[in-house]
Structure formats: structure tokens, C-alpha cells
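This briefing is meant for a reader who has not seen this structure before. Please look at the sequence and the model first, then read the points below.

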Amino acid sequence: MTYSEALAVVRGAMQPLDEDERLRLAQAIWEEVDPPAQHPELTDSQKAELRRRRDEHRANPSAGVSWEQVKAESRARRGRRNTA
């Protein structure tokens with residue numbers, strides 16, 4: 001099977017899926033290319049940054065933005081871009 005043929009199959013299979021299912025499928029395909037177990041360990045500075053963000057969130061949880069809000073804002077921006 002060629003790349004173009006495989007792409008056509010994947011695109012056809014994605015048609016009936018909703019956006020969340022498409023994202024899960026894309027993630028599964030990506031994990032075939034780059035399995036999670038092969039990700040490098042976090043550096044000490046990355047771990048420190050994650051702890052800092054966690055502590056900041058715990059101190060003021062209402063300051064964060066929900067995943068639903070991030071998705072909605074992204075979709076709104078994408079919609080504006082597609083109509084321009």
C-alpha cells in the first residue's frame with residue numbers, strides 16, 4: 001500500500017468520527033511512530049517547572065482555564081481564520 005492509499009483509507013475512516021475521536025485516533029497513530037515508553041526522562045528544570053505550576057494551581061485553582069474553554073477558543077479562532 002502506498003502512502004497516498006493509506007492516507008485515503010485513514011481519511012475515509014475518520015469521516016464518521018467526532019472531533020474527540022479523531023484526536024484519539026491521531027494520538028494512537030502518533031504513538032505508533034513515537035511510543036510513550038521511548039520519551040526521555042524529564043530534566044530537573046522541567047520537573048521543577050511542573051512542580052511550580054502545580055503549586056501555583058493549588059494556591060489559586062480558579063486562575064486556570066479548563067480544557068473545554070481552551071478547545072472552544074481554539075475552535076473559534078479556527079472558524080474566524082477559515083472565514084477570512
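The model is predicted. The protein chain has four helices and zero strands, and the elements run α-α-α-α from the N terminus on. Its radius of gyration is 18 Å, whereas a compact globule of 84 residues would have one near 12 Å.

**Overall form and surface**

- The C-alpha trace of the protein chain spans about 50 × 40 × 20 Å along its principal axes.
- Of the 84 residues in the protein chain, 1% are buried.
- The accessible surface of the protein chain is about 7600 Å², and carbon and sulfur atoms account for 55% of that area.

**Confidence**

- The average pLDDT of the protein chain is 88, and 95% of the residues score at least 70.
- Helix α3 (residues 44-59) has the highest mean pLDDT among the elements, at 95, while α4 has the lowest, at 84.

**Salt bridges**

- The whole structure contains seven salt bridges.
- Side chains of opposite charge can pair when their charged atoms come close.
- Glutamate 49 and arginine 53 are separated by about one helical turn, because they lie four residues apart in helix α3.
- Glutamate 49 is partly exposed at 26% relative accessibility, and arginine 53 is exposed at 52%.
- Arginine 52 and glutamate 56 also form a salt bridge, at 2.8 Å from N to O.
- Arginine 52 and glutamate 56 are four residues apart in helix α3, so about one helical turn separates them.
- Arginine 52 counts as partly exposed, because its relative accessibility is 43%.
- Aspartate 55 and arginine 54 meet in a salt bridge at 3.1 Å, N to O.
- Salt bridges with shared partners join Glu49, Arg52, Arg53 and Glu56 into one network.
- Aspartate 55 has a relative accessible area of 40% and is partly exposed; arginine 54 is partly exposed at 36%.

**Methionine 14**

- Methionine 14 lies in helix α1 (residues 3-14) and is partly exposed at 22% relative accessibility.
- Leaving aside residues up to four places away in sequence, methionine 14 touches Arg22 and Leu25.
- From methionine 14 to alanine 26 the C-alpha distance is 9.7 Å, with the two 12 residues apart in sequence.

**Tryptophan 67 and a surface patch**

- Tryptophan 67 belongs to helix α4 (residues 67-83) and is exposed, because its relative accessible area is 53%.
- Trp67 forms a nonpolar patch on the surface with Val65 and Val70, and together they have about 300 Å² of accessible area.

Key:
Residues numbered from 1 in each chain as written. Predicted model: local features only at pLDDT ≥ 70, side-chain atom pairs only at ≥ 80, totals over all residues. Heavy atoms only, no water. Helix = DSSP H or I, 4+ residues; strand = E, 2+ residues; numbered from the N terminus. Buried < 20%, exposed > 50% of the residue type's maximum accessible area, 1.4 Å probe, protein only. Contact = heavy atoms within 4.5 Å. Patch = residues over 30% accessible without salt bridge, like charges linked within 9 Å, V, L, I, M, F, W, Y side chains within 5 Å. Areas by Shrake-Rupley, 256 points an atom, 1.4 Å probe, with all protein chains shown as cover. Salt bridge = Lys/Arg side-chain N within 4 Å of Asp/Glu carboxyl O. Rg over C-alpha atoms; globule rule 2.2 N^0.38 Å. pLDDT = per-residue confidence, 0-100.
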